[in-house]
Every structure is written in structure tokens, then in C-alpha cells.
Amino acid sequence: MLRRASIRWRALRWRAHNWLARHPRLHSGLHAAGSMKSGPEAMARGVAIGLFIGLTPTVGFQTVLIIILCIALAGNFPTAFVASFVSNPFTAAPLYWVFHELGEAVFRYIPLLAQDMDAWYLQGIGDEITYTLLGSLLIATPTAMAGYWASRQLSAAWQRHRDRRRAERAARRDRRDR
């Protein structure tokens with residue numbers, strides 16, 4: 001299962017890199033802004049940005065928001081792009097339904113918010129948008145924070161593993177060259 005996840009991750013990263021190859025000016029701009037760094041911190045920021053944007057109702061301009069946040073926060077853009085696939089055509093409808101139900105429950109059952117149920121932003125389609133936005137923020141924020149922490153730990157462990165393997169190869173090369 002871990003092997004399959006690794007293959008899928010590489011395929012998604014390759015997709016992000018192909019997208020960047022089709023947009024060379026953006027690619028060079030992201031490099032200049034530091035949004036193509038691959039250290040554990042930049043990767044973790046990229047995951048957090050991608051999860052946050054992917055779990056908010058921003059379909060249609062997710063990539064633009066990801067680019068802006070990656071430049072502003074120096075997050076890794078390809079990682080953010082891949083992490084944003086948490087919301088895709090198959091998961092969008094169930095996610096939005098959960099966002100709406102959670103947002104409505106919070107508005108109805110928290111006393112501070114339930115006092116003024118006739119507010120202008122809760123009239124017509126405004127209530128649907130408000131509920132969905134609130135529910136998505138309640139899910140996206142802790143998920144992005146958890147994704148940041150988990151990816152930071154995994155990325156740092158992977159970096160240590162790679163460094164250890166490089167040191168072992170260099171030691172073998174030195175012994176062989178003597």
C-alpha cells in the first residue's frame with residue numbers, strides 16, 4: 001500500500017511539474033520568489049496551503065490562490081498543487097454538503113451567532129454561502145495545521161534518510177578509491 005501511495009504521489013508531482021513547464025514565466029517567477037524550494041519547511045508550508053485552499057469553496061480559482069499564498073508564505077508550489085487535489089470532481093459535492101451542514105449547525109446552536117438569524121448575510125442564497133464558508137473554514141484550518149505538522153515530520157525524516165544514504169555511498173566510494 002505504501003508503494004502504491006508513493007507511486008501516486010510521484011505521478012501527481014509529475015503532473016504539477018508538467019503544468020509548470022507549460023507556464024515558463026510563472027515557473028521562473030515562483031523560483032525567484034522561493035516557492036520551488038524543497039526543504040522540509042517549504043514542503044510543509046506547501047501541504048498546508050494546498051489543503052487549506054483545497055478544502056475551501058474556491059473551485060475555479062484555486063490555482064491562483066495557491067500561487068499567491070505560495071509566493072507570500074514561501075511554500076513549495078508543486079506540493080501545494082498536489083495537496084489541493086483533496087477536493088476534486090468526485091469529492092467536491094460531498095465536501096460542500098458537509099461544509100454546509102457543519103456551518104449551519106454552528107450558526108444554529110452557538111448562542112452568539114444564533115441571536116440574529118435575520119441578518120442581511122443570512123437572506124436568500126447568502127445563508128447557503130455563509131454556512132458553507134464557515135463550515136469549510138472549520139474543517140480546512142485544523143486539517144491544514146495537521147497536514148503542516150505531519151508533512152514537516154515526514155519530510156524531515158525523509159531528508160535525514162537521504163542524507164544518511166548519501167553519506168554511506170560517499171563512504172563506500174572513499175573506501176573503494178583507496
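Predicted model: local features only at pLDDT ≥ 70, side-chain atom pairs only at ≥ 80, totals over all residues.
Arg-45 is partly exposed, at 25% relative accessibility. Glu-41 is likewise classed as partly exposed, its relative accessible area being 26%.

Glu-41 also forms a salt bridge with Arg-152, and here the closest N and O atoms are 2.9 Å apart. Because Glu-41 belongs to helix α3 and Arg-152 to helix α8, this pair ties together parts that are 111 residues apart in sequence. Arg-152 counts as partly exposed, with a relative accessibility of 29%.

A search of the whole structure finds 3 salt bridges. One of them pairs Asp-163 with Arg-166, the closest N and O atoms being 3.9 Å apart; the cut-off for a salt bridge is 4 Å. Asp-163 and Arg-166 are 3 residues apart in helix α8, so about one helical turn lies between them. Asp-163 is partly exposed at 39% relative accessibility, and Arg-166 is partly exposed with a relative accessible area of 44%. Salt bridges with shared partners join Glu-41, Arg-45 and Arg-152 into one network.

The secondary structure of the protein chain consists of 8 helices and 0 strands. Read from the N terminus, the order of elements is α-α-α-α-α-α-α-α. Of the 178 residues in the chain, 34% are buried.

Helix α3 comprises residues 40-54. The buried positions of α3 include Pro-40, Ala-42, Met-43, Ala-44, Gly-46 and Val-47. Further along the helix, Ala-48, Ile-49, Gly-50, Leu-51, Ile-53 and Gly-54 are buried as well. Glu-41, by contrast, is partly exposed, as is Arg-45.

Helix α8 spans residues 125-177 and contains Arg-169. This arginine is one of the residues in a patch of positive charge on the surface, where Arg-165, Arg-169, Arg-172, Arg-173, Arg-175, Arg-176 and Arg-178 gather. Arg-169 has a relative accessible area of 37% and is therefore partly exposed. Membership of a patch requires over 30% relative accessible area and no salt bridge; the 37% of Arg-169 lies above that cut-off.

Ile-68 is located in helix α4, which covers residues 62-73. At 49% relative accessibility, Ile-68 counts as partly exposed, because the class of exposed residues begins over 50%.

Technical notes: Residues numbered from 1 in each chain as written. Heavy atoms only, no water. Patch = residues over 30% accessible without salt bridge, like charges linked within 9 Å, V, L, I, M, F, W, Y side chains within 5 Å. Areas by Shrake-Rupley, 256 points an atom, 1.4 Å probe, with all protein chains shown as cover. Salt bridge = Lys/Arg side-chain N within 4 Å of Asp/Glu carboxyl O. Lys, Arg positive; Asp, Glu negative; His and termini not counted. Charge placed at Lys NZ, Arg CZ, Asp CG, Glu CD. Helix = DSSP H or I, 4+ residues; strand = E, 2+ residues; numbered from the N terminus. Buried < 20%, exposed > 50% of the residue type's maximum accessible area, 1.4 Å probe, protein only. Expected span 1.5 Å × (residues − 1).
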